[in-house]
Amino acid sequence: MRSIPLGFSLSPTSINNSNLNFNPKKQKRQQQNQSFLTTSSTRVSHHEPTLSFLPKSGQCRASQVAEFFPAVSPKIVVREARLEDCWEVAETHCSSFFPEYSFPLDFVLRVDRLAAMLSGFSIPNGCRRTCLVAVTGSSVNQTFYIGSEDFKIGGFDGKFSLNRGYVTGILTVDTVADFLPRKGPLRQRRTGIAYISNVAVRERFRRKGIAKRLIAKAEAQARSWGCRSVALHCDLNNPGATKLYKEQGFKCIKAPEGANWPQPKTSPDIKFNFMMKLLNTPTTT
Ligand SMILES: CC(=O)SCCNC(=O)CCNC(=O)[C@H](O)C(C)(C)COP(=O)(O)OP(=O)(O)OC[C@H]1O[C@@H](n2cnc3c(N)ncnc32)[C@H](O)[C@@H]1OP(=O)(O)O
């Protein structure tokens with residue numbers, strides 16, 4: 001993470017909480033978070049081997065344990081984002097989509113992303129939106145909270161926290177249908193199709209199945225909203241992401257001749273694949 005002059009970094013990953021005062025309320029919150037992480041969330045469990053792989057003597061070194069449990073250390077949990085995750089979500093988004101930016105632009109980008117997220121709490125009537133996060137269970141004790149118990153924003157109670165990279169991946173799923181082709185002469189908003197966007201995994205956590213877990217959770221969410229399919233746009237020049245979605249059962253959809261389908265608002269040079277998946281379609285992995 002980049003530092004700024006005066007030896008102080010604005011990046012949340014640089015905050016060392018070892019010299020913060022003990023806060024009993026904070027500790028209670030951390031314990032609550034811990035119990036949430038171990039009870040109500042989805043684990044990256046598909047790589048968990050059974051204990052029969054362990055040596056018969058019952059003795060093994062930490063390095064051997066790491067070999068037996070390659071993808072479960074640290075434990076990853078996928079859950080809905082909370083207000084206190086906002087900065088981490090912005091950080092994950094910007095470091096994944098704009099890795100080339102340096103200070104001060106990278107900081108401005110994160111603040112801009114934060115503002116966009118907080119203002120995005122209001123969505124059209126009858127629509128749903130959820131931001132999912134994949135978090136590491138091992139970092140719940142590394143939180144530095146800003147705000148108080150009475151702190152409110154966008155109608156939500158909570159506190160911001162500047163953490164040390166505990167959010168490893170993010171995904172947004174909604175039924176707003178802003179980027180889906182409208183239907184009929186009245187150009188009505190589509191219903192029954194959930195839209196996935198802003199999928200990103202921090203670089204050091206890639207190729208561990210985190211994006212797959214986020215997508216699976218988004219599909220479950222879409223089903224619970226009564227959607228029959230999910231859609232997304234993927235940059236044509238992003239073969240890794242395209243492969244990911246194809247393996248998860250998404251198919252590229254070609255716009256009919258002459259149709260002017262909406263596209264995400266990014267640089268005009270970026271061309272997108274519009275991809276869809278019926279929610280009863282099995283995945284290839
Ligand atoms: C709708 C949208 O938001 S599209 C935007 C996608 N986001 C980005 O491009 C941001 C930068 N990139 C990233 O954040 C990540 O690389 C992502 C989100 C594309 C993938 O996240 P990961 O957690 O690494 O993916 P995950 O580990 O679940 O990969 C599952 C499979 O997808 C495929 N895959 C994923 N990334 C790649 C890659 N870079 N190259 C080739 N195949 C890939 C592989 O088949 C992989 O399985 P394998 O590792 O067993 O070979």
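Glutamate 247 and lysine 243 form a salt bridge in which the closest N and O atoms are 3.5 Å apart. The structure is a predicted model. Both partners belong to helix H6, where a spacing of 4 residues, about one turn of the helix, separates glutamate 247 from lysine 243. Glutamate 247 is classed as partly exposed because its relative accessibility is 26%, a value that falls between the limits of 20% and 50%.

## Salt bridges between separate elements

Across the whole structure, a search identifies 9 salt bridges. One of them pairs glutamate 91 with arginine 110, with 2.7 Å between the closest N and O atoms. This pair links distant parts of the chain: glutamate 91 is in helix H3 and arginine 110 is in helix H4 (residues 105–119), 19 residues apart. Glutamate 91 and arginine 110 are both buried. The two residues also take part in a network of salt bridges that links Glu88, Glu91, Arg110 and Arg202.

Another salt bridge brings together the side chains of arginine 129 and aspartate 174, at an N to O distance of 4.0 Å. Because arginine 129 is in strand S3 (residues 129–136) and aspartate 174 is in strand S8 (residues 167–174), this pair ties together parts that are 45 residues apart in sequence. The two partners fall into separate accessibility classes: arginine 129 is partly exposed at 36% relative accessibility, whereas aspartate 174 is buried, with a relative accessible area of 8%.

## The ligand and its surroundings

The ligand is surrounded by 24 residues, and the closest are Val199, Val201, Arg207, Gly209 and Asn238. By residue type, the shell around the ligand divides into 11 nonpolar, 7 polar and 6 charged residues. Five elements each supply at least two residues of this shell: helix H3 (86–97), strand S9 (193–201), helix H5 (210–224), strand S10 (229–235) and helix H6 (239–247).

A polar backbone atom of valine 199 is 2.7 Å from a nitrogen atom of the ligand. For valine 201, a polar backbone atom is 2.8 Å from a ligand oxygen atom. With asparagine 238 the side chain is involved: one of its N or O atoms is 2.7 Å from an oxygen atom of the ligand. Taken alone, the ligand exposes 950 Å², and the protein buries 79% of that area.

## The nonpolar core

In soluble globular proteins, nonpolar side chains tend to be buried together. The largest nonpolar core in this model has 28 residues. Leu171, Ile196, Leu214, Tyr245 and Phe250 are the residues with the most contacts inside this core. Two or more core residues come from each of strand S2 (76–80), S3, S8, S9, H5, S10 and H6. The largest share, 6 residues, is supplied by H5.

## Backbone features

The peptide bond that joins phenylalanine 103 and proline 104 is cis, with omega at about 10°. Proline 104 is located in the loop between H3 and H4.

Positive phi values occur in residues other than glycine, including alanine 177, where phi is near 60°. Alanine 177 is placed in the loop between S8 and S9 and counts as buried, at 1% relative accessibility. Asparagine 198 likewise has a positive phi, near 55°, and lies in strand S9. With a relative accessible area of 24%, asparagine 198 is partly exposed.

Arginine 79 is part of strand S2. Its relative accessible area is 4%, so arginine 79 is buried, the limit for this class being under 20%. The side chain of arginine 79 is joined to that of aspartate 85 by a polar contact of 2.7 Å.

Key:
Residues are numbered from 1 along each chain as its sequence is written. This is a predicted model: local features need pLDDT of at least 70, side-chain atom pairs count only at pLDDT 80 or more; totals for chains, interfaces and linings use all residues. Side-chain values use heavy atoms; hydrogens and water are left out. A residue is near a molecule or strand if one of its heavy atoms lies within 4 Å of it. A polar contact is a pair of N or O atoms within 3.5 Å; within protein, one must be able to donate a hydrogen and the other to accept it, and residues adjacent in sequence count only if both atoms are side-chain atoms. Accessible areas come from the Shrake-Rupley method with a 1.4 Å probe; for residues, only the protein chains shown count as cover. Ala, Val, Leu, Ile, Met, Phe, Trp, Tyr, Cys and Pro count as nonpolar, Asp, Glu, Lys and Arg as charged, and the others, Gly among them, as polar. Buried means under 20% relative accessible area, exposed over 50%, partly exposed in between (1.4 Å probe, protein chains only). A nonpolar core is a set of buried Ala, Val, Leu, Ile, Met, Phe, Trp, Tyr and Cys residues joined through side-chain atoms within 4.5 Å.
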